[in-house]
Structure formats: structure tokens, C-alpha cells
Amino acid sequence: MDISKIMEIIVKLFGSKKSEVKSNDKPPKKAQDIAKKFEKTTGKATKIWKVGDKLSPHFSYDEMTRSQTAERNSIDNTPKVEQVDNLIALCENVLEPVRVHFKNPATVTSGFRCIELNRKIGSTDRSQHTKGEAADFVINGSPTVTDVWKWIIDSDLDFDQVIQEFGRWVHVSYKRSGENRHKCSIAKKVDGKTRYFHYTEEQIENEEYEL
Ligand SMILES: [Zn+2]
């Protein structure tokens, strides 16, 4: 009896991990490949992303895409793959470090908004929310909206734009490609209209701004 016959008997008797792999099995596809194929055929981001999934340790897919306005108006606010990738970058590069610094949970009031939803709430098509590059949020507990806004500006974090909006929440954006401009603004209602006041990072560090 030759050695291969002996091996065959041993495998039959005791089993082997090898025996579980059929020779015609294809290697498993990467999740991203499946996602891309799904998007190509349906125009939607893959259902791989679902309620409860995390985009970063403290931020979930659900909270970054959920919208009461979308639900009320039956708008499908499912992001595409690229928009999910942008949301992940925003969470990892800005929201997560802010959350970790203040050691308090964040409440995201608005994350990704598809064009239909974005128009419904009266925002412009150029809004970074439509790309998954922006989120509006507050940090629960003691830090004020201005504290959070100022901390982002004074930190070493890279961001595209950060706006303290009406003293009620912080809007922050991050771009995966192109330059992150570090634009710092305060949004206020003046005679019922929204106005943006822009400052340099230096002005904000020196507290030369008006709330
Ligand atoms: Zn916003």
C-alpha cells in the first residue's frame, strides 16, 4: 500500500479540514465587491449595511442615515456605496474623535440625505449631506454646541467645514478626496433669514467671534 492510500484512509477515519473544501468552490468575494454588484444592478447601496451595523465604534449606519422626514414621506434614504464610504470617513476622522474627547454620547440629528429628502427639507442640492460628507449633531451632557464647535477647530482634526448652527447643533463635514478647507462658520437667523458668518481658525482660537 502506498503512502497516498494510507493518507486517504486516515482522512476517511478522522476527517480533515481539507475534505470540507470542495475543489470547485470559488474563493469568497469581498463584501465590497458584492456591494458594488448590488449597487450596479439596483442603484442602491448594498443591504449589507443594516440597522445596528457600526460605521465606527460609536456611530451606527442607522443613526447616520435615519430620518423622520424620510419615514413620514415614504422616501427611501438608502445611501449608495460611495456615500456610505464618505459617512465612514466622516465618522472615523471627525465624529469619533469628538465623541471620545467629550466622553459623552453624540446625538446625530441629520446625517446622509438623498436628494429627494434634502429638497423636502428645503436644502440646496450642493449640500454635503447629499454626499454623505456631513452630519449635524450635538454631544449629550455638559458641553455646549459652541464648546464642541470650538474644540473641533482648535484640535488637530482635519475637516472641510464646521458650522455652529443657531446655537442648537454643530454641522461638520469631511471629504475623502480633494482638500479639506477647514472652513469655520456660525449660522444665525437675521430678520428671519439664515446668515453665515465666516472666521479664520486663528480668529476662533483668539475668541474673536460673535455668537
Ligand atoms: Zn448640516
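F137 stands opposite V170 in strand 6, strands being DSSP runs of E with at least two residues and helices runs of H or I with at least four, both numbered from the N terminus. Strand 4 (residues 134-139) and strand 6 (residues 169-173) run antiparallel and are joined by 4 bridges; two strands pair if DSSP finds at least two bridges between them. The model is predicted, with local features needing pLDDT of at least 70 and side-chain atom pairs counted only at pLDDT 80 or more, while totals for chains, interfaces and linings use all residues. Residues are numbered from 1 along each chain as its sequence is written.

Is T194 buried or exposed? T194 counts as exposed because it has 10 C-beta neighbours inside 10 Å, where 12 or fewer means exposed, 20 or more buried and anything in between partly exposed, with C-beta atoms placed from the backbone. Leaving aside residues up to four places away in sequence, T194 touches A187 and K189, a contact being a pair of C-beta atoms, placed from the backbone, within 7 Å.

As for confidence, pLDDT (the predictor's confidence in each residue, from 0 to 100) has a mean of 87 over the protein, and 80% of residues reach 70 or more. Over residues 16-28, pLDDT stays under 50, and the model has 2 contacts beyond four places in sequence for this stretch.
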